Amino acid sequence: MARRFRGSEEVKVDAKGRVSIPAKFRRIFEASDPDFEAGKRAQLVIVHGTRDWNWLQLFTIEAMEEIEDGIARMPRGSAARNLLENIYQGHADEAEIDGDGRLVLPQKLREKIGLTDSAFFISAGDSLKVWTPEAHAEEERALEARVPELEPGADPLSLLSLAEEG
């Protein structure tokens, strides 16, 4: 089983659109890139999604292969397959982490999510989401509002029992 990302970090974005990938996240990209070896650059895929996405999602090579295998098993021409191909293949770019541990975010992607001088990375299992700090704060409030079963002050792990019942 592939390793999962854990944690969050706020990092600076330089004038060229470079962000330093924290070491704990870099190690996951390296471990999940079948072609990675010492001295090489870890590869990843940046998914920028449809026009309403205000985040970027960084997938490991192994995670993207798993997604693409799942898409390939869907019926050709189905609306669901077309949507997933559009998002995860059409709105995606291959990238690499440079020797200094940085990732260059192309200008069109920075503009799409309104990224200027600071980026917020948050773990999402086998991927990392990249937000502006402000957009992430809004999203966190919205996430909590979308789960009415979680009473204020309740243990979030209680939601696992709902998944087991369903």
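Hi everyone, and thanks for coming. Please keep in mind that what you see above is a predicted model.

Let's start with strand 3. Is this strand mostly covered or mostly open? Mostly covered: four of the five residues in strand 3 are buried. Strand 3 has a partner on either count we look at here. With strand 5 the pairing is antiparallel and has five bridges. With strand 4, residues 56–60, the pairing is also antiparallel, and here there are four bridges. In strand 5, Val45 has Glu94 as its bridge partner, and in strand 4 its bridge partner is Phe59.

Now step from strand 4 to strand 8. These two run antiparallel and are joined by four bridges. Which residue of strand 8 is the bridge partner of Leu58? That would be Leu128. Strand 8 is another mostly covered strand, with four of its five residues buried.

From strand 8, which spans residues 127–131, we can go on to strand 7, because DSSP finds at least two bridges between paired strands, and here there are four, with the strands running antiparallel. Strands 7 and 8 make a hairpin, and three residues lie between them. Have a look at Gly125 in that turn, which has a positive phi of about 75°.

Strand 7 also pairs with strand 1. Strand 1 covers residues 8–12, strand 7 covers residues 118–123, and five bridges join them in an antiparallel arrangement. Here Val11 finds its bridge partner in Ala119 of strand 7.

So much for the strands; on to charge. Side chains of opposite charge can pair when their charged atoms come close. How many salt bridges does the count come to in this model? Eight salt bridges. Let me show you some of them.

One is between Asp14 and Arg18, where the closest N and O atoms are 2.6 Å apart. Asp14 has a relative accessible area of 28%, so it is partly exposed. Arg18 is partly exposed as well, because its relative accessibility is 22%.

Another joins Arg27 and Glu30, at 3.3 Å from N to O. Where do these two sit? Both are in helix 1, residues 23–31, three residues apart, which is about one turn of the helix. Arg27 counts as partly exposed because its relative accessibility is 39%.

My next example is the salt bridge between Arg41 and Glu96, at 3.0 Å from N to O. This pair links distant parts of the chain, 55 residues apart: Arg41 is in the loop between helix 1 and strand 3, while Glu96 is in strand 5. Arg41 is partly exposed, at 42% relative accessibility, and Glu96 is partly exposed too, with a relative accessible area of 34%.

Let's pick out Asp69, which lies in helix 2, residues 61–72. With a relative accessible area of 46%, Asp69 is partly exposed.

Trp55 is in the loop between strand 3 and strand 4. Why does Trp55 count as buried? Because its relative accessibility is 16%, and buried means under 20%. Trp55 and Gly114 are 59 residues apart in sequence, yet their C-alpha atoms are 9.0 Å apart in space.

The other one is Ala135, in helix 5, residues 133–145. Ala135 is buried, with a relative accessible area of 12%. Between Ala135 and Ile113 there are 8.7 Å in space, C-alpha to C-alpha, and the two are 22 residues apart in sequence.

Conventions. Residues numbered from 1 in each chain as written. Predicted model: local features only at pLDDT ≥ 70, side-chain atom pairs only at ≥ 80, totals over all residues. Heavy atoms only, no water. Buried < 20%, exposed > 50% of the residue type's maximum accessible area, 1.4 Å probe, protein only. Salt bridge = Lys/Arg side-chain N within 4 Å of Asp/Glu carboxyl O.
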